[in-house]
Amino acid sequence: MPKIIVDNLMLRITTVIALLFITTSLLAQNVQQKLPEKTRILFLLDGSASMLAKWGQETRMDVAKSLLSNLVDSLKVNPKLELALRAYGHLYSKGAQNCKDTKLEVGFAQKNHAQIIKELQLISPKGTTPIAYSLEQAANDFPAGSSRNIVIIITDGIESCDGDPCAVSLALQKKGVFLRPFVIGLGIDKDYTKEFRCLGDFFDAKDLNTFQVALQKAIKTSLEKTTATVELLDVKNKPTETNVNVSFVNSVTKISAFDFVHYLDTQGKPDTVILEAVIPYDVVANTIPPVVKRNYRLHPGIHNTIQLATPQGTIAINQRNASTYTQGVRVLISKGNRLIHTQDINTSQKYLTGDYDIEVLTLPSRKFKVSVQQSQQEQITLPAPGLLNIYNNAAGFGSLYEINDDGSQQWIKDLDNKESKSTIAIQPGNYKIVFRVEKAPGSKYTTVKNFTIKEGLSTTVRLFD
């Protein structure tokens, strides 16, 4: 085959392989975490007898019907939104004290706005307030499939059926049935508002205007696109830190809602992520130790910039010829002596700037104080251990001690009393063994052996020559 044809063939093969590699790489880099496109909002309306109470010139129920009807009508233009209506306390009289008085009046569907408005007008306040049971039933109202599930509760009273709405709400949030509910209280006594704040995001509507504002805020938070940038600040408060795992943890359920590895583009700017504004977050930079901004609320419908102070430097732990010794390193914050990490020997690890106590779990352990500086590496180099070979003629009891420079001694470990020979990897230094044979008739038969361990060398100690 002519060389030119072979060269062209090889070029084509190489091009095809390159294209396949690029295509595979791009497929592997598709967006992995994103919010569902569809949103479903369930209105859970209080139809208990207390909703007949006057609110200005109208009853609370009349105001709720009017504002909800206008809101539902205005939402017809959103093709990615489905609505549903459930009511409670509207089917049986208050005297019946029916604690299962709840019904899904209109289920989720496209273009059901007119039906919801019609059913709203037919609801007549009558009975009691089974909020917990109604929430449990509402869990079945949301169809299967990917969607953002929202509950907006409109009520003027607290639970009256011995249920625990807060516990039910939390359990369903943890299961992912719906996001954090919105609770709009109509003329709620201030002594009871605490009972609603654990149920969901509570809005205290004192009159028609504040009720309307609360509804609009709930809808805005539920529907408008919300973005955020996380800036990881260095010691000069500049957003130069990156490649850190960042978690947005639901402050209520304690379940992580969104995780990503922080990224800076070629211009040194962090990228933008789309987030769920309904949820309160603990924003966690998973540095060592972690940096947390607790109970953070995103401003819905706008871009949010979240700053976390994460100045970092590096601690490198090295040991010459460490293959003979594999124990790790305990890293503690000097202030408070709190353990934050265990690092392997012969590795480097980033830490927040500050003072640390390093305990190397060699035998015996070695302790160091390290001050981590911004973008600097602090290095600890350990000598290679020596090998201690211990021979004894009979089983017995004994201990190994290190002799310090000032002549004092420190217990290191007890010896295995059943082995006639043992080998121990041990740091260079001066030591002694104190040993007594098990069958010896007294303590006066205790033997003491002093010896020195040198780096990388073997030392043999015979307890009985």
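I333 has R338 in β18 as its bridge partner. That pair belongs to a predicted model, where local features need pLDDT of at least 70, side-chain atom pairs count only at pLDDT 80 or more, and totals for chains, interfaces and linings use all residues. Residues are numbered from 1 along each chain as its sequence is written, and side-chain values use heavy atoms, with hydrogens and water left out. Helices (H or I, at least four residues) and strands (E, at least two) are DSSP runs, numbered from the N terminus; two strands pair if DSSP finds at least two bridges between them.

**The β17-β18 hairpin**
- Strands β17 (residues 329-333) and β18 (residues 338-343) run antiparallel and are joined by five bridges.
- Four residues sit between the two strands of this hairpin, and G336 in the turn has a positive phi of about 95 degrees.

- β9 (residues 226-233) pairs with β15 in the parallel sense over seven bridges, and L233 has A309 in β15 as its bridge partner.

**Sheet β19-β16-β22**
- Here's another open sheet of three strands with mixed pairing, ordered β19-β16-β22.
- Its edges are β19 (347-352) and β22 (377-382), each with a single partner strand, so one side of each is left without a neighbour in the sheet.
- Neighbouring strands of this sheet are turned by 20 degrees against each other on average, direction ignored.
- β16 (residues 312-319) and β19 pair in the antiparallel sense over six bridges, with I315 standing opposite Q349 in β19.

**Helices α4 and α5**
- α4 (residues 131-138) and α5 (residues 165-174) pack at about 15 degrees, with their axes 8 Å apart.
- That makes α4 roughly parallel to α5 (angles under 35 degrees count as roughly parallel, over 145 as roughly antiparallel, 65 to 115 as roughly perpendicular and the rest as oblique).
- In the contact (heavy atoms within 4.5 Å), I131, A132, L135 and E136 of α4 meet P165, V168, S169 and L172 of α5.

Methods:
Axes are lines fitted to C-alpha atoms, for helices over the stretch in contact, and angles run from 0 to 180 degrees between N-to-C directions.
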